[in-house]
Amino acid sequence: MAEKLVMATSAVEAAGLKNSESAFLAGGTEDNRLNSSVDAANLISIGRIPELDGISKDGECIRIGAMSTFQEILDNKLVPEYLKDACRFMGSRTKRNMATIGGNIALRRTDSYLYPTLLASHAMLDLMDAKGNVSKKCVCCYLKDYEELKDNLIVAVSVPKEAKVASKRYANTVQSHAVLTVSAGIADGKLRVGVAAKDTALKGLCDVATALQEKDLSDADILKLIEADKDLCFKQDIFGSPEYKRYLLAVTIADLARKVKGGAK
Ligand SMILES: Cc1cc2nc3c(=O)[nH]c(=O)nc-3n(C[C@H](O)[C@H](O)[C@H](O)COP(=O)(O)OP(=O)(O)OC[C@H]3O[C@@H](n4cnc5c(N)ncnc54)[C@H](O)[C@@H]3O)c2cc1C
């Protein structure tokens with residue numbers, strides 16, 4: 001339970017205050033919930049920082065301020081439809097009105113609504129460190145370098161306007177946790193695949209994407225690549241066996257890759 005709340009008035013102030021004892025307070029859907037995964041003595045409210053708001057065109061991309069809620073993203077005409085599809089995976093209207101894109105990215109959940117799409121579209125993050133320096137990193141690098149970047153403030157997310165992305169989420173109901181969320185996308189001529197596999201992995205599947213870019217692979221070929229990926233160490237649980245999950249992932253990737261490559265509707 002947090003003991004102190006600071007209302008930051010600028011991004012520099014918020015980023016400067018962040019350390020291992022504190023957490024940013026964005027929509028508060030995770031920070032303030034019962035049994036929250038966030039354990040912080042101090043909260044830094046980032047809700048009154050104009051730099052973190054707004055959605056605008058930025059060259060070939062759409063720049064989305066980190067404090068944009070899922071509902072604001074859904075309501076905005078500039079946002080590409082593929083990102084809206086991912087936002088709709090959050091079924092609860094109440095949560096959509098509160099939860100922010102920055103908070104969702106920072107949480108790195110293995111049942112993430114957004115990561116597969118952000119990985120497949122090669123989304124970029126503007127990150128601010130404690131000294132106020134801003135760097136651009138792709139979401140894949142953010143995941144890889146998280147230990148080094150965990151106290152950075154996510155200022156904005158940029159997604160390409162013209163990317164082609166298809167996504168699929170497997171859950172018992174829209175309100176249930178997803179066992180698997182998968183996206184395939186083509187941005188800047190490159191095919192990418194992102195996966196969120198509950199309690200297993202959150203990553204871009206580079207080997208699968210490169211192989212798929214070069215040629216059409218059968219479901220069995222994709223399955224072999226998935227079996228070879230040491231991070232995709234699925235466990236038996238209420239969602240099914242490891243074999244079933246690997247199979248589901250392989251056929252889903254094949255289907256989504258066909259869609260973005262133009263071979264199927
Ligand atoms: C019942 C329930 C079910 C959920 N199910 C899912 C699910 O299936 N899939 C899924 O993806 N999510 C799920 N969520 C998570 C929900 O989507 C997140 O709580 C939300 O997106 C986080 O956003 P927030 O703005 O509320 O973050 P907050 O609760 O305010 O913050 C959460 C964390 O993010 C960090 N943070 C926030 N903003 C920034 C920033 N700009 N820069 C750096 N760090 C930041 C904070 O330090 C904190 O550690 C669920 C939440 C609840 C309550």
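Predicted model: local features only at pLDDT ≥ 70, side-chain atom pairs only at ≥ 80, totals over all residues.
Let's start with the open sheet. It has four strands, in the order E9-E10-E11-E12, and the pairing is antiparallel. Which strands sit at the edges? They are E9, residues 164-171, and E12, residues 201-204. Each of these pairs on one side only. From one strand to the next, the twist averages 5°.

Now look at E9 and its partner E10, residues 178-187. They pair in the antiparallel sense over eight bridges.

Helix H9, residues 206-214, lies across E11 (190-197) and E12. H9 runs at about 145° to E11. Helix H11 covers residues 242-261 and lies across E9, E10 and E11. Its angle to E10 is about 30°.

Move to the hairpin. Strand E6 is residues 124-128, strand E7 is residues 134-138, and they pair in the antiparallel sense over five bridges. Leucine 125 stands opposite lysine 137 in E7. How many residues lie between E6 and E7? Five. In that turn, glycine 132 has a positive phi of about 90°.

Histidine 122 is in the loop between H6 and E6. Its phi is near 60°, a positive value in a residue other than glycine. Histidine 122 is partly exposed, at 27% relative accessible area.

On to the aromatic rings. The structure holds two aromatic pairs. One joins phenylalanine 70 and tyrosine 113, edge-to-face, with 6.1 Å centre to centre and 80° between the planes. What does this pair tie together? Phenylalanine 70 is in helix H2, residues 70-75, and tyrosine 113 is in the loop between H5 (101-107) and H6 (115-120), so the pair links parts that are 43 residues apart in sequence. Both phenylalanine 70 and tyrosine 113 are buried.

The other pair is tyrosine 142 with tyrosine 146. Why do we call it edge-to-face? Because the planes are at 85°, and over 60 is the cut-off. The ring centres are 5.6 Å apart. Are these two tyrosines buried or exposed? Tyrosine 142 is buried at 1% relative accessibility. Tyrosine 146 is buried too, at 15%.

Stay with tyrosine 146. Arginine 108 lies over its face, at 3.4 Å from the ring centre. Arginine 108 belongs to the loop between H5 and H6. Its phi is near 50°, again positive in a residue other than glycine. At 31% relative accessibility, arginine 108 counts as partly exposed. There is also a lysine over a ring: lysine 18 lies over the face of phenylalanine 24, at 5.8 Å from the ring centre.

Last stop, a charged residue inside. Glutamate 30 is in the loop between strand E2 (22-25) and strand E3 (42-45). Is it buried or exposed? Glutamate 30 has a relative accessible area of 8%, so it counts as buried. Leaving out residues up to four places away in sequence, it touches Ser36, Ser37, Val38, Leu107 and Arg109.

Technical notes
Residues numbered from 1 in each chain as written. Heavy atoms only, no water. Helix = DSSP H or I, 4+ residues; strand = E, 2+ residues; numbered from the N terminus. Buried < 20%, exposed > 50% of the residue type's maximum accessible area, 1.4 Å probe, protein only. Contact = heavy atoms within 4.5 Å. Pairing = 2+ DSSP bridges. Phe/Tyr/Trp six-rings, centres within 6.5 Å; stacked < 30°, edge-to-face > 60°. Lys NZ or Arg CZ within 6 Å of the ring centre and 35° of its normal. Axes fitted to C-alpha atoms, helices over the stretch in contact; angles between N-to-C directions.
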